[in-house]
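Here is a brief report on one protein structure. Look at the model first, then read on.

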Amino acid sequence: MTTSLENNDALTIKPLKGDFGAQIIDVDLQAANQSTLEKVATAFQQHGAILLRNQTMEPDDLMRFIKVFGEPELHTQTKFCLPDYPHIFKISNMLDENGEPLGAHNDGLGWHTDYSYKEEPVMCTMLYAVTVPDEGGETLLADQVAAYEDLPESKKAQLDPLKIHHSLVHFIQNRDFNSYEITDEIRRENPDVIHPMIRVHPEDGRKALWISTGTVKHIIGMDDDEAMKLVDELVEFITQPKYVYSHKWQKGDVLMWDNRCTLHTGTLYDDKKYQRMAHRLWVKGEKPIAVKS
């Protein structure tokens with residue numbers, strides 16, 4: 001199929017799953033001109049996630065591409081950023097010649113949206129597959145727009161005004177993987193934030209459930225047990241198979257998703273048998289827009 005873009009030639013795409021996402025066919029990002037890259041960015045805004053396969057991307061290529069979407073965002077952790085490329089973060093189980101990790105291992109497990117603990121969470125996340133396991137290690141994306149649209153009107157009315165308390169410190173203290181020391185600097189740079197439970201997309205006004213796990217400390221106006229029960233129920237609803245796209249990685253894949261309207265999680269693989277290396281990039285976002293009362 002093709003997607004017509006105003007004042008642009010059409011891109012050839014096919015959906016990732018149902019009405020969600022777009023695989024963009026026959027675009028070489030390394031060789032593409034600026035006009036083509038801008039068409040890809042427009043398709044991203046329309047579809048919530050995009051996939052381009054068989055790419056060969058050097059660090060400069062990754063930076064050129066990510067800048068089409070906005071200003072690149074730095075990472076909370078800097079240990080595994082590429083030298084001279086602080087916006088490119090390595091996710092890997094591989095070790096260097098001294099036995100030291102080359103990247104963050106098992107990063108991104110658990111349903112979440114990136115940087116939800118920031119006043120302005122990242123707009124999108126990009127992963128570029130350098131080395132992939134033969135089995136396991138899929139990335140799952142959940143369509144929070146479709147999930148919201150399927151809610152009864154009475155449930156929407158209940159959820160629309162709710163606010164969620166997000167906390168990086170809470171997340172670090174309770175995460176299963178990659179815990180690290182919470183310094184005074186981290187606390188100062190990452191104060192707790194309050195975000196809407198239902199988020200309005202700035203491009204076209206579509207509404208999405210905007211639940212995350214890990215960073216969620218409580219829901220304003222609810223006791224903790226009641227709040228966490230609601231969060232668990234909504235995450236279970238959003239992550240039903242009908243809303244979830246499961247991405248099986250191939251070397252050279254570029255996968256991007258819109259953190260304003262999706263949940264995502266990594267999955268485990270046999271890290272004793274297989275190696276993995278992926279490069280992650282983020283784009284700065286904006287303060288989430290709540291539903292008007």
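## Model and confidence

This is a predicted model, where local features need pLDDT of at least 70, side-chain atom pairs count only at pLDDT 80 or more, and totals for chains, interfaces and linings use all residues. Residues are numbered from 1 along each chain as its sequence is written, and side-chain values use heavy atoms, without hydrogens and water.

pLDDT is the predictor's confidence in each residue, from 0 to 100. The protein chain averages 93. At least 70 is reached by 95% of the residues. Residues 2–8 stay under 50. For them the model has 15 contacts (heavy atoms within 4.5 Å) beyond four places in sequence.

## The cavity

A cavity is a set of points on a 1 Å grid over the protein atoms alone where a 1.4 Å probe fits but cannot get out. The search finds one of 30 Å³ or more. The largest cavity holds about 180 Å³ of space, a volume filled by probe spheres set on the points, which are joined across faces, edges and corners.

Its lining (residues with an atom within 4 Å of a point) has 18 residues. Nearest the centre lie I91, D107, G108, L127 and G266. Strands are DSSP runs of E, at least two residues, numbered from the N terminus. β17 (262–266) and β8 (124–131) each supply at least two lining residues. β17 gives the largest share, three residues.

Strands pair if DSSP finds at least two bridges between them.

Three bridges join β12 (residues 198–200) to β13. I198 has L209 of β13 as its bridge partner.

Conventions:
On a 1 Å grid over the protein atoms alone, a cavity is a set of points where a 1.4 Å probe fits but cannot get out, and a pocket is an open set with protein on both sides within 12 Å along at least five of seven lines; lining residues have an atom within 4 Å of a point. Helices (H or I, at least four residues) and strands (E, at least two) are DSSP runs, numbered from the N terminus.
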